[in-house]
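Let us walk through a protein chain together, one piece at a time. Keep the structure in view and find each part as it is named.

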Amino acid sequence: MVIGIIGAMDEEVKILLDNIIIDNKMIKAKMEFISGTLWGKNVVVVRCGIGKVNAAVCTQILIDDYKVDNIINVGVAGGIGIEINPGDIVVADSLVQHDMDTSAFGDKLGQIPRLEVFDFKCDNKLVRIAKEACKSSSGHKSFVGRIVSGDQFIADVNKIKWLQGEFRALACEMEGASIAQVAYLNSLPFVIIRSISDNANSGAHIDFEKFIPIAVENSTKILKNMLEAM
Ligand code: SAH
């Protein structure tokens, strides 16, 4: 089994790269794919860059060139809802692209037109392993639910309320639903695990800088527990 692990930013893959026993490195589409053994498992770790296009390109390369059996995306996200705080974990069970809008034709917001599904469901087994992994990690709360993605850094209370009302989202970020769509198109199991770096409100950019280390530490802890259980 080979597991593809994607992080969007250097900060999100640093601890992984500090721990991987490297077999090989390859650069494609300006992304460095590092294969090796991480916490006992065969993995390919890659920093895809920020946003949906980077994440989509990266996911398809993992599938085509590395024949990965599943994909785990770890990283940080904006929390939605008063009970979710920086450092907390959200394991996605489904994802939607909140910036997809063909509502002029009567389509539901987030619906990718002419696609047979509305949301992209994470693999049940990977979600279960992630939930178990959360139980053995202390010092933060863990949630399971929907994550929404779009090519926007959300820093606006009204936008969060809209994301909550329209999509019942627990967190927002910029890559997960794109990874999910590519995995869906290729029938590949995947899960998205994010730790909260900010509350997507007017202070989000400040919190983001402040909480990124603790958020990354927590999402990496979950990933480590998961790999050890897989
Ligand atoms: N100029 C900043 C841009 C960060 S974009 C920088 O280079 O550091 C934010 C990243 O963190 C994205 O990868 C996204 O997935 C995630 N993220 C965290 N909080 C977010 C929020 N409130 N809205 C959208 N994405 C968020």
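Start at a turn. In the hairpin formed by strands S2 and S3, two residues lie between the strands, and Ala29 takes a positive phi near 55 degrees. The model you are looking at is predicted. S2 covers residues 21–28 and S3 covers residues 31–38. They pair in the antiparallel sense, over seven bridges.

Step back to see the whole chain. Its secondary structure comes to six helices and ten strands. How is the chain packed overall? For 230 residues, a compact globule would have a radius of gyration near 17 Å; the chain has 16 Å, so the value agrees with such a globule. Along the principal axes, the C-alpha atoms fill a box of roughly 50 × 40 × 30 Å. Buried residues make up 55% of the 230 residues.

Next, ask which parts of the chain meet.

Now go to strand S10, residues 190–198. Is this strand enclosed or open? Nine of its nine residues are buried, so S10 is largely enclosed by the rest of the structure. Look at its partners. Strand S5, residues 70–79, pairs with S10 in the parallel sense over eight bridges. Within this pair, Val74 has Ile193 of S10 as its bridge partner. Strand S6, residues 89–97, is joined to S10 by three bridges, and these two strands run antiparallel. Here Val90 stands opposite Arg194 in S10.

Helix H5 is the next stop, at residues 176–185. The helix is mostly covered, with eight of its ten residues buried. Among them are Gly176, Ile179, Gln181 and Val182. After H5 comes Ser187, whose phi is positive, near 55 degrees.

Why does Ala180 count as buried? Its relative accessibility is 0%, and buried means under 20%, so Ala180 qualifies. What does Ala180 touch, leaving aside its neighbours within four places in sequence? Its contacts are Leu95, Phe120 and Phe190. Glu217 is another matter. Ala180 and Glu217 are 37 residues apart along the chain, and their C-alpha atoms are separated by 23 Å.

Finish with a residue in helix H1, which covers residues 10–19. Glu11 is found there. Glu11 has a relative accessible area of 39%, so it is partly exposed. Leaving aside neighbours within four places in sequence, Glu11 is in contact with Ile212 and Val216. Now trace the chain from Glu11 to Ser137. These two are 126 residues apart in sequence, and 20 Å apart in space, C-alpha to C-alpha.

Technical notes:
Residues numbered from 1 in each chain as written. Predicted model: local features only at pLDDT ≥ 70, side-chain atom pairs only at ≥ 80, totals over all residues. Heavy atoms only, no water. Helix = DSSP H or I, 4+ residues; strand = E, 2+ residues; numbered from the N terminus. Rg over C-alpha atoms; globule rule 2.2 N^0.38 Å. Buried < 20%, exposed > 50% of the residue type's maximum accessible area, 1.4 Å probe, protein only. Pairing = 2+ DSSP bridges. Contact = heavy atoms within 4.5 Å.
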